[in-house]
Amino acid sequence: MPAPIRSIVERLASLRLTVVLLLLAMVLVIIATLDQVHLGIWAVQAKYFRSFFVVQQLPGTGVSIPFFPGGYLVGGALLLNLLCAQFLRFTLTWRNVGLHLTHFGLILLLVGELLTGLLSVESNMTIDTGETRNYAEDAFARELAIVDTTEPGFDQVWSVPVSRLARRAPIALPGCPLTLLPVQFHENANFAMRSDAPNAPASPATLGFGPQIVVAPAEPTYRPNEENAPTAFVEIRGPDGLVGTLLASLAIERPQTFTAAGRTYAITLRRTRIYFDFALTLLEFRHDKYPGTEIPRNFSSRVRLRSADGAEDREVRIFMNNPLRHGGHTFYQSGFKNNDRTTVLQVVRNPGWLLPYIACVMSGVGLLYHFGSTLVGFLQRRRPAATTPASSTAAA
């Protein structure tokens, strides 16, 4: 290895660097735990652990600056440190097999967390008894959906992420004659009927029932039992000019319709949908209780799984600690609604879900081998020393 490269590798494999990175990780966990009171667990994960830098806004300025290394930076540096130490310090011998396994277990654990942060998706599927669904709704992402409902029996859908609405730039829809221009966007909002607030400013909305609603911007909430209502006023333009301005919000569940260029459209702001190549039909939901009490004993959903190509058609029972795994997704029994007639399934897609288990087994086996072989060697060295005095006395 050339001397300059070896010098760099030695610096990256430094034990001092390991200690510094571990201290940074500890501090990161502490400040994230303290900030969890204000942001909630999911926002804390995104801000502190799934970022390269923790960004903080300067009070009264609106300027954000990085003030601490984030989880991706600390974890990436620790991964590089472990790799360099592994190939620089340890030779592949039977004596060091335990250390090799332990190091590779830690490396695999860091890689697994990286894959989880980048690729995992959590969503929810809500199904009424007798209903069939082939999609889930993302737990965090939101989208503006524009649906061409002109043709009976066929809907063409365009979706726009909420992040694009926040930019307030014109949005062209491929294959659609409409152009959207967000004129206002609020991450969260409160609502009132205009009849209850007659002195409120006039609404920018001219379509749908937006003119009858008063929108008041609100601070985003991060409490686990509360949800933000992203809201936007969107100006819609067609080939013949301005169609109108429409109010879209997550708090407005019913789609609003309008016509443009001789076609009928429905628009709604909703949770981002994730479509599958299979469908689930809820056959029965059970909410069992302990006899004579209202204490829940078990929640379970009996569903029918049918693939789009008809190759698979079977019934599955989903209950606590017994999820359904299919098509790279895992369906957990999460909750229920509507007097036990509606089930809520948590859907998780995590391509790296096996890596933490493999990493823990590797590290555990490595530690057992290393300390076990060290203990055996220590006992073997003590045995001759313990028998020497007895041999000397017998000779005397």
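Predicted model: local features only at pLDDT ≥ 70, side-chain atom pairs only at ≥ 80, totals over all residues.
Local features need pLDDT of at least 70 and side-chain atom pairs pLDDT 80 or more, while totals for chains, interfaces and linings use all residues. Residues are numbered from 1 along each chain as its sequence is written, and side-chain values use heavy atoms, without hydrogens and water.

Colleague: Which helix gives the most to the lining of the second largest pocket?

Modeller: Helices here are DSSP runs of H or I with at least four residues, and strands are E runs of at least two, numbered from the N terminus. α2 (15–39), α4 (71–89) and α5 (97–119) each supply at least two lining residues. Seven residues come from the top contributor, α4.

Colleague: How many residues of α5 are there, and what does the helix span from its first C-alpha to its last?

Modeller: The expected span is 1.5 Å times one less than the number of residues. For α5 that expectation is 33 Å, and the model comes close to it. The helix has 23 residues and reaches 32 Å.

Colleague: Which strands stand at the edges of the sheet?

Modeller: Two strands pair if DSSP finds at least two bridges between them. The open sheet runs β6-β7-β10-β11, with antiparallel pairing. Each edge strand has a single partner, so one side of each is left without a neighbour in the sheet; these are β6 (171–172) and β11 (241–249).

Colleague: What is the bridge partner of His 186 in β10?

Modeller: Strands β7 (residues 179–186) and β10 (residues 231–238) pair in the antiparallel sense over seven bridges. In β10, His 186 is partnered by Thr 231.
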